[in-house]
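This report describes selected local features of one protein model. Please consult the sequence and the structure below alongside the text.

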Amino acid sequence: MQLETIKDNRNSPVKYAVLIALFVLPLVIYLLSASGEELFNLLPQLTKDVSNLEEFEDLEGNKVSLDNKITILGFFGDTPESKKGNALNLNEKIYKRNYKFDDFQFVILISEEGKDQAIELRNKIEAYTSTEKWIFAVGSKDAISNIFNSLKTDMSLSPNYSTPYVFIIDKEQILRGRENDEDNGLMYGYNSSDIAEISNKMVADVKVILAEYRRALKKYNSDRK
């Protein structure tokens, strides 16, 4: 009788439930995750034809461009040092996590008056991480205004040609953002002085656009093969 009971237990529903939990569920979760990646939403396109940076040079005098780059674009204007906290927020939450992506760059527009401060700020950032893709682009105040206006946002620059907001520009020079953000509605940029907004929204949106281009590259390589 005891042997018969053991035999019955081996074929009990509990046994099959345990097997499903151990082996089948992890497989289902993996497949759902894989398919979810393929169905990942794209980051909305808000403004097309953002002006390029022909009138700007970096601190070493090299040309700067948005061409074929995923760019985090900022405006520090005449007083980059006043945006030190913003820069460190962005460096910690966005730049350090993504700068090894080949086509990723930070571009911060400054005026000639802000050049010395930008050099000092870059040195401070370099104490925490490589600044190879932190580009401080120097141009005239008119040129800074022209780039900002080409974004076609509902914002404005301060009198010193700066703003705490930074913007995601894709490889086709299209401004990306949120169309229906739960807090802001139409969201053109991200307030770099607000660490919660950077951590909870911008981090997620940068992941989305990088994943978009990774999938595109993966598909391109697969099609070539």
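Gln173 counts as buried at 16% relative accessibility, where buried means under 20% relative accessible area, exposed over 50% and partly exposed in between (1.4 Å probe, protein chains only). Gln173 lies in the loop between β5 and β6 (175-176); helices (H or I, at least four residues) and strands (E, at least two) are DSSP runs, numbered from the N terminus. The phi angle of Gln173 is near 60 degrees, a positive value in a residue other than glycine.

Asn68, in the loop between β1 (45-47) and β2, also has a positive phi, near 55 degrees, and is likewise a residue other than glycine.

## Basis of the model

The model is predicted: local features need pLDDT of at least 70, side-chain atom pairs count only at pLDDT 80 or more, and totals for chains, interfaces and linings use all residues. Residues are numbered from 1 along each chain as its sequence is written, and side-chain values use heavy atoms, with hydrogens and water left out.

Asp78 is found in the loop between β2 (70-77) and α3 (84-98) and is buried, with a relative accessible area of 14%. Its side chain forms a polar contact of 2.5 Å with that of Ser111; such a contact is a pair of N or O atoms within 3.5 Å, and within protein one must be able to donate a hydrogen and the other to accept it, while residues adjacent in sequence count only if both atoms are side-chain atoms. Not counting residues up to four places away in sequence, Asp78 touches (heavy atoms within 4.5 Å) residues including Glu113, Lys141 and Tyr161.

Lys152, in the loop between α5 (141-150) and β5 (163-169), is exposed, with a relative accessible area of 58%. Beyond residues up to four places away in sequence, Lys152 touches Thr47 and Tyr188. The C-alpha atoms of Lys152 and Tyr188 are separated by 9.0 Å, although the two residues are 36 residues apart along the chain.

## Helix α4

In α4 (residues 115-126), Ala118, Leu121, Arg122 and Ile125 are buried. Seen down the axis of α4, the buried residues fall within an arc of 100 degrees, so they line one face of the helix; the arc is that of the directions from the helix axis to the C-beta atoms. The cover over these buried residues includes β2, α3, β3 (104-110) and β4 (134-138).

Strands β7 (residues 178-181) and β8 (residues 185-187) run antiparallel and are joined by two bridges; strands pair if DSSP finds at least two bridges between them. Arg178 has Met187 in β8 as its bridge partner. The hairpin joins β7 to β8 through three residues.
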